[in-house]
Amino acid sequence: MFNIDLFPQALKSDENGQTRSCLLKKTTMGESVTEQELWFLYPINLPMPEDDDCDSYLLATLLPAMQLRAAIRVHGSVSHELLANLTELQYVWNKWLPERYFVIDIQVDCIRTRDVQVDGAIAAFSGGVDAQFTAYRHATGRAGYATRDIKAGVFVHGFDIPLDDTEGFDSAVEVATEVLSDINVDLLPVKTNVRALWSIDWEEYHAAAIASVLCGLKRYAGIGLIGSGDSYDVLLTSWGSHPITDPLLSGGNFRIIHDGAGFCRSEKLIILSSWSIGIRNLRVCWAGNRHDRNCGHCEKCVRTRLNLLLAGVDNPGCFDTPIDSSLFRFMVLKSDAVRIDWYLIRQEMIETGRGLEWLPYIEKVLKRKSSPKLSGLFPFGSKRRMWVKKMLMRNK
């Protein structure tokens with residue numbers, strides 16, 4: 001059993017930006033104490049929350065603490081509405097995965113009840129299909145009455161691009177800045193050690209991590225948009241970003257919206273196909289040696305190529321070479337969630353008659369058994385993980 005104490009630290013500013021941080025003290029029943037620092041580096045000249053505002057830190061800590069059965073004590077302030085939402089969020093995860101996430105106690109020194117939400121919205125932006133779709137539909141008014149005034153896309157260093165890859169992140173930021181400027185949206189690069197701090201399944205944790213980053217910009221914009229992954233008709237439970245759980249990451253002065261679940265991936269790409277600079281600069285890959293571009297042959301890249309074919313985009317500029325049969329030869333689907341995506345592609349091809357020449361290859365991929373989940377053996381950012389990625393790339 002653990003207790004985790006959160007001690008907010010004073011804001012630090014230098015030429016690199018503004019650092020909001022929190023000291024985490026983990027105490028076991030035997031009184032053994034471990035200290036870690038949770039930090040977020042934001043661009044300079046942006047309004048920051050008060051130093052004792054711990055909403056972001058609590059969002060980043062809750063799921064890992066539930067996994068550890070650790071009570072949380074916050075030595076700062078937290079929004080009353082956020083505490084109410086996180087109480088409900090705990091019940092959701094405990095029902096979804098009772099063997100992994102346990103309902104825990106949260107104590108707070110100061111509970112805020114009169115927060116004021118500022119105008120405007122920010123959107124999590126990685127350059128992928130879901131992020132581009134959310135930015136594009138809102139910036140161009142295609143979300144109808146649900147359209148939000150997006151002030152900026154927030155690109156996080158330390159999520160899919162490890163903190164030690166500065167060159168890859170800087171290059172990806174340059175591309176993302178060009179893409180968003182085409183629709184008159186700014187880009188805000190942020191760095192954080194949130195993902196590296198905990199040993200937790202990223203597929204379950206990623207939305208809470210995103211919300212913790214966006215929440216730190218609450219004085220700049222009062223709404224944070226997280227692009228949906230699955231559409232409403234194929235929703236998975238025990239998935240990190242979900243229409244049920246994302247709104248429960250909201251506080252009194254910062255609201256999280258799960259955006260775009262009314263569209264499947266191919267439908268999103270049909271809409272994006274009219275945005276040439278967006279399609280040309282899609283960045284969907286996590287497996288390649290270069291984090292600022294697509295490798296073209298990992299599972300995510302091949303799946304996106306098929307989605308693009310269904311959207312009527314035959315040779316997108318985001319991939320260096322045309323699609324060919326060799327890409328399917330050793331393709332193994334890593335999870336049930338990915339397998340569902342491939343079944344949906346198969347179904348769409350049959351229904352629309354597009355891309356039928358690839359159906360035999362898709363059938364073979366679907367018949368192969370899923371690979372074991374290796375995230376425990378090869379954690380994000382580890383040398384072992386990077387070595388395995390290099391070996392897989394060499395054998396393609």
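Predicted model: local features only at pLDDT ≥ 70, side-chain atom pairs only at ≥ 80, totals over all residues.
**Exercise 1. Determine how helices H3 and H7 are oriented to each other, and which residues join them.**

Step 1. Helix H3 covers residues 129–139 and helix H7 covers residues 265–272; their axes come within 10 Å and cross at roughly 50°.

Step 2. The crossing of H3 past H7 is left-handed.

Step 3. On the H3 side, the contact is formed by Val129, Asp130, Gln132, Phe133 and Tyr136, and on the H7 side by Arg265, Lys268, Leu269, Ile271 and Leu272. Sorted by class, this contact has six nonpolar residues, one polar residue and three charged residues.

**Exercise 2. State how many of the eleven residues of H3 are buried, and name them.**

Step 1. A residue is buried when its relative accessible area is under 20%.

Step 2. Ten of the eleven residues of H3 are buried, and the helix is thus mostly covered.

Step 3. The buried residues of H3 are Val129, Asp130, Ala131, Gln132, Phe133, Thr134, Ala135, Tyr136, Arg137 and His138.

**Exercise 3. Describe the place and the surroundings of Arg142.**

Step 1. H3 is followed by Gly141, which has a positive phi near 75°.

Step 2. Arg142 belongs to the loop between H3 and strand S8, residues 150–157.

Step 3. The relative accessibility of Arg142 is 45%, and Arg142 therefore counts as partly exposed.

Step 4. Leaving aside residues up to four places away in sequence, Arg142 touches Tyr136, Arg137, Thr147, Ile271 and Ser274. Among these, Tyr136 and Arg137 are buried residues of H3, and Ile271 takes part in the contact of H7 with H3.

Step 5. Between Arg142 and Trp202 there are 60 residues in sequence and 31 Å in space, C-alpha to C-alpha.

**Exercise 4. Find the relative orientation of H1 and H2, and classify the residues of their contact.**

Step 1. The axes of H1 and H2 come within 11 Å and cross at roughly 20°.

Step 2. Angles under 35 degrees count as roughly parallel. H1 and H2 are therefore roughly parallel to each other, and their crossing is right-handed.

Step 3. H1 contributes Asp55, Leu58, Leu59, Leu62, Leu63 and Met66, which meet Leu82, Leu83, Leu86, Leu89, Gln90 and Trp93 of H2. Ten residues of this contact are nonpolar, one is polar and one is charged.

Step 4. Helix H2, residues 80–96, also holds Ala84. With a relative accessible area of 42%, Ala84 is partly exposed. Ala84 and Gly251 stand 167 residues apart in sequence, yet their C-alpha atoms are 8.7 Å apart.

**Exercise 5. Determine the orientation of H10 and H11 and the composition of their contact.**

Step 1. H10 comprises residues 336–352 and H11 residues 359–367; their axes come within 10 Å and cross at roughly 155°.

Step 2. Angles over 145 degrees count as roughly antiparallel. H10 and H11 are therefore roughly antiparallel to each other. Their crossing is left-handed.

Step 3. Arg339, Trp342, Tyr343, Ile345, Arg346, Met349 and Ile350 of H10 make the contact with Leu359, Ile362, Glu363, Val365 and Leu366 of H11. By class there are nine nonpolar residues, no polar residues and three charged residues.

**Exercise 6. State the confidence of the model and where the pLDDT is below 50.**

Step 1. The average pLDDT of the protein is 90, and 93% of the residues score at least 70.

Step 2. The pLDDT is below 50 over residues 374–385, a stretch with 14 contacts in the model beyond near neighbours in sequence.

Definitions and conventions:
Residues numbered from 1 in each chain as written. Heavy atoms only, no water. Axes fitted to C-alpha atoms, helices over the stretch in contact; angles between N-to-C directions. Helix = DSSP H or I, 4+ residues; strand = E, 2+ residues; numbered from the N terminus. Parallel < 35°, antiparallel > 145°, perpendicular 65-115°, else oblique. Left-handed = near helix turned anticlockwise from the far one by under 90°. Contact = heavy atoms within 4.5 Å. Nonpolar A, V, L, I, M, F, W, Y, C, P; charged D, E, K, R; others polar. pLDDT = per-residue confidence, 0-100. Buried < 20%, exposed > 50% of the residue type's maximum accessible area, 1.4 Å probe, protein only.
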